[in-house]
Amino acid sequence: MVGTGVFAEILDGDVYKYYGDGEWKKCASGKSVAIINPTTRKTQYKVQACSQEEVNKVMEIAKAAQKSWAKTPLWKRAELLHKAAAILKEHKFPIAECLVKEIAKPAKDSVTEVVRSGDLVSYCAEEGVRILGEGKFLVSDSFPGNERTKYCLTSKIPLGVVLAIPPFNYPVNLAVSKIAPALIAGNSLVLKPPTQGAVSCLHMVHCFHLAGFPKGLINCVTGKGSEIGDFLTMHPGVNCISFTGGDTGIAISKKAGMIPLQMELGGKDACIVLEDADLDLVASNIIKGGFSYSGQRCTAVKVVLVMESVADALVEKVKAKVAKLTVGPPEEDSDITPVVSESSANFIEGLVKDAKEKGATFCQPYKREGNLIWPLLLDHVRPDMRIAWEEPFGPVLPVIRINSVEEGIHHCNASNFGLQGCVFTRDINKAMLISDAMETGTVQINSAPARGPDHFPFQGIKDSGIGSQGITNSINMMTKIKSTVINLPTPTYTTG
């Protein structure tokens, strides 16, 4: 159960502690931040409201711990990560319970997220040993004008202190996708969880605590973004920021200074459907891509661009599947659950009202109760409607009818986002040509957009982000190249 058993020490009364220097602590001010259950719209949990002074202490601790961790043998780092992964999966049910209560994620999907996170940590440990166990050996006479008088040895070394900021929708999985690469690479870590999802993160961090990582290496501070957000991202002790979220990331990138940034900031993923597409396959993927976790995914299908000749048939197939979606609380494993907050629900409703005023066809009646919004397919959406461009992060999906492939590509590329996209066609040649033309970090052919598997490269362009994720890319991003050059008095060769 949440906050009991092995997790009892992370709770003080009704407020969860923060984690620093290998200990669970209360903030000096005694202040806390409430976490609202999206389903009941009542306070579910409370977490510490850390101060800037407490952030400073955590940063000092993390910096000191990193120095010794960098000297820890690679096999030992991997061993501890494997241990943390096993503990994480062992306690999947209480962590999943947090996800259900904090972010209204369906129960079965919550368990899946925790198990997937454990698998990610283990894979990262293995991949890290391979990547970081290899260096390069270069000789000088491979470049014109040089004799073999220099040997260059290169290796990957840690950056220092990594600041990890995951989003509410995958607070465990997108936290460990930052934590595990940082740790295997020899960095220390400061985690700032989202408010909605903070208690899930704290339970996850306790699994790393139980695994026996050195004190001060992993730290988790909770609190209001308005009080410690900028202070964290602009802190001189931070050597790298890995952030997943929205527009806040753009502001961070302008303030962070000369440190590596890894950012994924959302998407308006377009689904282009050609005349020869398998419409049953398309409809299934639109449901999976557009409505799973109530559309609260960066890689959700956010706009369908379908050729006019097959639009009627596709819309009917999607409507039939939408009618079968279950709507209700996450405890009942409903397909559509409440969105994360009232402000999110209000934003989605604003997009819906705009579409209605401008003449979109509603394939279902619009229905909302509190934070719960019923799935809605909007047909005959035009480019002058907000829903055509803005990311709803909810169970509302626009359909734009197009008369040419070029029209679909143009709409996709006109977006300020460029995370993922997908194209459905039986013609692989057309698919490749369209893929090359789409200005997105990834294009899925005959499948909905998806971040995983977690070792695949994952990146966006334009306002969708900076850098590339995926286990290998994250490890490489959280290291820097160190070269040592041996200068020889005379040219030398290995044979002759």
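Residues are numbered from 1 along each chain as its sequence is written. In this predicted model, local features need pLDDT of at least 70 and side-chain atom pairs count only at pLDDT 80 or more, while totals for chains, interfaces and linings use all residues; side-chain values use heavy atoms, with hydrogens and water left out.

**Domains**

The protein chain is divided into domain 1 (5-265 + 464-481) and domain 2 (270-445), with bounds that come from an automatic or database domain assignment. Taken over C-alpha atoms, the centres of the two domains are separated by 32 Å. At the interface, 18 residues of domain 1 are in contact with 20 residues of domain 2, where contact means heavy atoms within 4.5 Å.

**Glu264**

UniProt places the feature "active site" at Glu264, in an unreviewed entry. UniProt positions are given in the numbering used here, feature names are shortened, and annotations may be inferred rather than shown by experiment. Glu264 lies in strand 13 (residues 261-264); helices (H or I, at least four residues) and strands (E, at least two) are DSSP runs, numbered from the N terminus. Glu264 counts as buried because its relative accessible area is 4% (buried means under 20%, exposed over 50%, partly exposed in between, with a 1.4 Å probe and protein chains only). Leaving aside neighbours within four places in sequence, the contacts of Glu264 include Phe243, Thr244, Cys298, Leu419, Phe458 and Gln469.

**Aromatic rings and charges**

The structure holds 6 aromatic pairs. Rings of Phe, Tyr and Trp (its six-membered ring) pair if their centres lie within 6.5 Å; planes under 30 degrees apart count as stacked, over 60 as edge-to-face and the rest as tilted. Two of the pairs are set out below.

| Pair | Centre to centre | Angle between planes | Type |
|---|---|---|---|
| Tyr19 and Trp24 | 4.7 Å | 45° | tilted |
| Phe168 and Phe393 | 6.0 Å | 75° | edge-to-face |

Phe168 lies in the loop between strand 9 (161-165) and helix 5 (173-184), and Phe393 in the loop between strand 19 (376-379) and strand 20 (396-402), so this pair ties together parts that are 225 residues apart in sequence. Phe168 and Phe393 are both buried. Elsewhere, Trp69, Phe208 and Phe213 form one aromatic cluster.

A charge sits over a ring if NZ of Lys or CZ of Arg is within 6 Å of the ring centre and within 35 degrees of the ring normal. The charged end of Lys105 is placed in this way over the ring of Tyr293, 4.8 Å from its centre. Lys367 lies over the face of Trp374, at 4.3 Å from the ring centre.

**Two loop residues**

Ser140 is in the loop between strand 7 (136-139) and strand 8 (150-158), and it counts as buried because its relative accessibility is 12%. The Ser140 side chain reaches the backbone oxygen of Glu147 at 2.5 Å. Beyond its neighbours within four places in sequence, Ser140 is in contact with Asn146, Glu147, Arg148, Thr149 and Lys150.

Glu332 belongs to the loop between helix 10 (308-322) and helix 11 (342-357). Glu332 counts as exposed because its relative accessibility is 60%. Although 225 residues separate Glu332 from Ala107 in sequence, the two are 7.3 Å apart in space, C-alpha to C-alpha.

How values were computed. Polar contact = N/O pair within 3.5 Å; in protein donor to acceptor, adjacent residues only side chain to side chain.
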